[in-house]
Structures are given as C-alpha cells and as structure tokens.
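Dear colleague,

I am passing on the structure below, together with a short account of what was computed from it. Please read the notes with the model open beside you.

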Amino acid sequence: YEITGTLLQVAKAFALFANDGYEIHPVLVRGEPASSLPRKKLYSSETINHMRSILEEAVKSGTGHNAQLPGVTVLGKTGTANLLVNGEYIPSKNIYSFVGIVEKESYKRVIITFVKEAANPHLFAATVAAPLFKKIAEVMLIHERQV
C-alpha cells in the first residue's frame, strides 16, 4: 500500500523513462549548471520501452486520462492513499499524486503534483492531481517554448 520516497527520488526515477534508462542528476534551479557527473545506463532500452508503454496507456485510457495534452506525449501514474496519522491510516484524509513526463520533440520534463487533504475526502488522484499536472504542464510548455 505504501512506498516511501521523496518527491525528488520519484522524479529521478521517472526521469529514467524519459532518458532511455540513463540516470540523471537533477537540476533544481533553472540556470544552475548541469552536473558534470557521468551518466550510467541503469536499465535496458527494452525494459524502459515496456514501462513507457504502460505509463502512456495509463494516461490514454487509465486513471491518468485527465493529464492528457493535445499534441504532446504524456506518460504518468496516479496515486491515492489514506493519510497516516499517529501510525493509523485515516480513510477521510488522503494524499493525491500524479507523476508524469511531458514530451514534445526534444522537450522533456518530469512533473510531480502532490495534494494533501483535498476539500472533498472522497476523491481520487485522477480528479485532483492529474488535472493539476495538466495545468502546470500547459503553462510550462507555453513559457519554456518561448525562451
């Protein structure tokens, strides 16, 4: 039910799918120089392509359908979980997430949306985090393509 990882760790894992299995060293601030550390290929292209097809299908016809963008490839995965409070899962308190990759030609970005305790406790990540991802991706595509 639960996987523990920081948002940066999840983003770095998803970046493998955008970079043909090569690890990346995240740049957290725009304009910051990219790391000079060597990149290692951690997974075969066959494994990466298989996972990419699963993540793309999850957006096209699965729970990530609200993250779709016209003319852009989106791969991703939703997550809905009960919040852990004092060692107990509380069904009325939830965490909603969507981690995805936006690709168009050579443009590739990993975006994670994470919402803790939405106003309505009976929602799912597909209706909370995936639409938020879409809005963020749209703005990024508009602003970063103009640079």
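Of the 19 residues in the largest nonpolar core, which touch the most other members? They are Val-74, Tyr-96, Phe-98, Val-102 and Phe-133, where a nonpolar core is a set of buried Ala, Val, Leu, Ile, Met, Phe, Trp, Tyr and Cys residues joined through side-chain atoms within 4.5 Å, and buried means under 20% relative accessible area, with exposed over 50% and partly exposed in between (1.4 Å probe, protein chains only). Strands β2 and β3 and helix α3 (125-145) each supply at least two residues of this core, and the largest share, seven residues, comes from α3. Phe-133, leaving out residues up to four places away in sequence, touches Ala-67, Val-74, Phe-98, Gly-100, Ile-101, Val-102, Ile-111 and Thr-113, a contact being heavy atoms within 4.5 Å. Apart from this core lies another, of eight residues, including Phe-14, Ile-48, Leu-55 and Val-99. As a general remark, nonpolar side chains tend to be buried together in soluble globular proteins.

Before going further, please note that this is a predicted model, in which local features need pLDDT of at least 70 and side-chain atom pairs count only at pLDDT 80 or more, while totals for chains, interfaces and linings use all residues. Residues are numbered from 1 along each chain as its sequence is written, and side-chain values use heavy atoms, with hydrogens and water left out.

As for the overall architecture, the protein chain has three helices and three strands, which follow the pattern α-α-β-β-β-α along the sequence; helices (H or I, at least four residues) and strands (E, at least two) are DSSP runs, numbered from the N terminus. The radius of gyration, taken over C-alpha atoms, is 16 Å, close to the 15 Å that the globule rule (2.2 Å times the number of residues to the power 0.38) gives for 147 residues, so the protein chain is as compact as a globular protein of that length. Of the 147 residues, 31% count as buried, and among contacts between residues at least 6 apart in sequence, 49% join residues at least 24 apart.

The three strands form an open antiparallel sheet in the order β1-β2-β3, two strands being paired if DSSP finds at least two bridges between them. Because β1 (73-85) and β3 (107-116) stand at the edges with a single partner strand each, one side of each is left without a neighbour in the sheet. The twist from one strand to the next averages 15°. Between β1 and β2 (residues 88-104) there are 13 bridges, and Val-74 has Val-102 in β2 as its bridge partner. Helix α1 (residues 7-18) packs on the sheet, touching β1, β2 and β3, and its direction makes about 145° with that of β3, whereas helix α2 (residues 45-60) touches β1 and β2 and makes about 75° with the direction of β1; axes are lines fitted to C-alpha atoms, for helices over the stretch in contact, and angles run from 0 to 180 degrees between N-to-C directions.

With regards
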